[in-house]
Amino acid sequence: MISSWLSPLIRQFSLICLTLALCLSLPAPLKASPLNPSCPENMVFIPSGTFNIGSDSHYPSERSAEDVTVDSFCINQYEITNSEFAQFVKETGYITVAERPLSKEQFPNLPDDQRNPGSLVFQMADKNAQQVGYLSWWKWTLGADWQHPFGPKSDIKGKDKYPVVQVSYEDVAAYAQWAGLSLPTEAQWEYAARGGLDDVDYSWGKQYSEKKANTWQGIFPFFNTKADGYVGVAPVGSFAPNGYGLYDITGNVWEWTSDWYSVGHDRKTHSSNPTGPSEQESFDPREPGIAKHVIKGGSYLCAPNYCSRYRPAARESQSSDTGTTHIGFRLVTNPLSLSS
Ligand SMILES: [Ca+2]
Ligand SMILES: [Ca+2]
């Protein structure tokens, strides 16, 4: 998703800054949910089971569908919100990748205006344009970060219950460490997203509905009819939950998983609790040489004419050092960990 010339720069910088994440405070003990003692607060218990991961009837990246088994686990009921991420930053002083400048020592040949902190921001195309270049709707924007998702003139005031965005994989992994939780594997995420429904395309059933999740109606990226009530991000829980009680598991914002990306599921090494390929095996033919993670669920930018990935089986690759205005996350934990 990020421009190929830009990604290596940010990637190198992220690795240098990795030590920040390792200096975080130890996680606080998890408190059990009063409604579901097997899981921490704000999490839902997902029973173990076998399901058909992937799809043979959609994008090639979803093939081949195969049965896998996952153990029981707990998963956040909602996408992690601005309020929750703010608490993490308040307690740890964590600085996200998008907030870090690129130093002259690290990038001596980089022009000054490209060394300032920033991130990628979605920009709608001119509705009168006949066509636009692939991914041209992503604009590198100085000053864009989780507190200013669309640049310095934007903010998150009054948006405590909106999902946090502009967070890289490094950022969400740091949050998970602080919270004492984990990023879901792709298999865990997809199993939970199905909500107990197998052999259907959507987390709510067989047919697409513009009322079931925050997606894009109209012709992407030219115009959005707002038929579902939201042109952009919606507060978490604005749409009905799936069969497991999970809100916005498809749509609203994409969600990071711990799996490295490769095309299809053939590189999954086993059928029980699969974890995907290794970092060295990660491969996206659109940007070879850049290891990427799997993101799931689609977002408010996914439309029937482009990126119809508001389905549990759908998947996309994302440079691990890059957040955008439409990627967030939720976390998981093992129910047995609560006994400690
Ligand atoms: Ca929408
Ligand atoms: Ca989502």
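Trainee: In this predicted model, where is the place of Glu190?

Mentor: Glu190 sits in helix H5, which covers residues 186-194.

Trainee: Why is Glu190 called buried?

Mentor: A residue is buried if 20 or more other C-beta atoms lie within 10 Å of its own. Glu190 has 28 C-beta neighbours inside 10 Å, so Glu190 counts as buried.

Trainee: Which residues does Glu190 touch, leaving out those up to four places away in sequence?

Mentor: Ile53, Lys296, Pro312 and Ala313 are the contacts of Glu190. Phe51 is 139 residues from Glu190 in sequence, yet the C-alpha atoms of the two are 9.2 Å apart in space.

Trainee: Why is H5 described as largely enclosed by the rest of the structure?

Mentor: Nine of the nine residues of H5 are buried, so the helix is largely enclosed. Among them are Trp189, Tyr191 and Arg194. Just after H5 comes Gly195, with a positive phi of about 60°.

Trainee: Now the sheet. What is the order of strands in the open sheet of three?

Mentor: The order is S1-S4-S13, and the pairing is antiparallel.

Trainee: What makes S1 and S13 edge strands?

Mentor: Strand S1 (43-46) and strand S13 (332-333) each have a single partner strand, so one side of each is left without a neighbour in the sheet.

Trainee: How do you know that S4 and S13 pair?

Mentor: Pairing requires at least two bridges between the strands. S4 (residues 73-76) and S13 are joined by two bridges in the antiparallel sense, so by that definition they pair. In S13, Val332 stands opposite Ile75.

How values were computed: Residues are numbered from 1 along each chain as its sequence is written. Chains are lettered from A and ligands numbered from 1 in the order in which they are written. This is a predicted model: local features need pLDDT of at least 70, side-chain atom pairs count only at pLDDT 80 or more; totals for chains, interfaces and linings use all residues. Helices (H or I, at least four residues) and strands (E, at least two) are DSSP runs, numbered from the N terminus. A residue is buried if 20 or more other C-beta atoms lie within 10 Å of its own, exposed if 12 or fewer, and partly exposed in between; C-beta atoms are placed from the backbone. Two residues are in contact if their C-beta atoms, placed from the backbone, lie within 7 Å.
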